[in-house]
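Subject: Handing over a structure

Hello,

Here is the structure I promised to pass on to you. Please have a look at it first, and then read on for what turned up.

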Amino acid sequence: MAAKPNNEYAAVLTVEAVRESGDPAALPLLARFGTDSRPSVVDALIRAWPHFDPEEYAQRVLADNPLHAGELEVGDVRILPALARLKRLTHLKLDLMTGDLGVIRKMPGLRALESALYEHPLDLSILKDLQQLTELRWHGRVANEHLLPELDLQALGVTASLFAELDGVEWSSLRSLALYSVDTVAPLLAARLPQLVDLELYLSHGARLDGLPERRGLRRLAVHFETPAKLHALRSIAGPVIELHHHGRDRLNLGPLAGRPNVRVFVYHRSTQVRGEDELGPGSELRSAWVDPPSR
């Protein structure tokens, strides 16, 4: 048997050469890379997974793989049932619109679960016995939402409408909260969040920030939008660093925040015009986070 390549590029080429065969006889060769932590090798092993029997591949090749420090992004529904065989999987991101998530019950080491695409309701009963789960970021619907406060999470991302349905709950351990599809800040007015230090709001078109409450101990307030919201309400929020994430192309006027310190502005499209950045207070800055290619 040939020696295992020490060169990272050679290792990737070896995995990719074997991948297309889908021959179970190749699994012993791939298993020799099973504990390899080099990122490109891990990626190559994950790409090869759907070409083989998912359960057998997970058991023989990936069971002890460190992944990307425990993180795995899954975009192929065929490998879902085999995820429980990955002993070092701690952070699961689902880039799937459908699929049976019951396998998550069998993943006691899972610490974080995330999805922005899944179309069906997430049944929270599959999470209630995961003692190490501390982070849930779910853009869609959920079932058995009354179980959400019982999960004792430190980081939560859910739709604003779902959060509003749980009015009156004390989130005693929650330190980070993200709300999606925010039309109004009303769900936050009576929210009991004694440990909150990080708040992210993903605004719907036409959303208003009027009445956004100040929270003692809040260190970071991030606001995401496609169409710029009226920013006047943020000027009176004295404590945290404010991040403005402008994902659209419309002109952004920072004038309402003139003099306000520690405002970080992120612009994602090159054509976006920004005015008033020079009027912001100390510690403020404008950052480029382009998602579109440069014009030619």
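Some notes on how to read the values. This is a predicted model, in which local features need pLDDT of at least 70 and side-chain atom pairs count only at pLDDT 80 or more, while totals for chains, interfaces and linings use all residues. Residues are numbered from 1 along each chain as its sequence is written, and side-chain values use heavy atoms, leaving out hydrogens and water.

The C-alpha trace spans about 70 × 50 × 30 Å along its principal axes. Of the 296 residues, 47% count as buried (under 20% relative accessible area, with exposed meaning over 50% and partly exposed in between; 1.4 Å probe, protein chains only).

Helix 1 is worth a look. Asn7 caps its N-terminal end, with a side-chain oxygen 2.9 Å from the backbone nitrogen of Tyr9. Ala11, Val12, Thr14, Val15, Val18 and Arg19 are buried in helix 1. They cover an arc of only 160 degrees around the axis, so they lie on the same side of helix 1; the arc is that of the directions from the helix axis to the C-beta atoms. Their cover includes helix 2 (27–31) and helix 3 (39–48). Tyr9 and Ala17 are exposed, on the face of helix 1 turned away from its buried side.

Next, Asp76, which sits in the loop between strand 1 (71–74) and strand 2 (91–94). Asp76 counts as buried because its relative accessibility is 17%. Leaving aside neighbours within four places in sequence, Asp76 is in contact with Pro50 and Leu96 (heavy atoms within 4.5 Å).

Finally, the strands. Strand 3 (residues 112–115) and strand 5 (residues 135–138) run parallel, joined by 4 bridges; pairing requires that DSSP finds at least two bridges. Ser115 stands opposite Trp138 in strand 5. Strand 5 also pairs in the parallel sense with strand 7 (residues 155–159), over 3 bridges, and Arg137 has Gly157 in strand 7 as its bridge partner.

Best wishes

Methods. Helix = DSSP H or I, 4+ residues; strand = E, 2+ residues; numbered from the N terminus. Polar contact = N/O pair within 3.5 Å; in protein donor to acceptor, adjacent residues only side chain to side chain.
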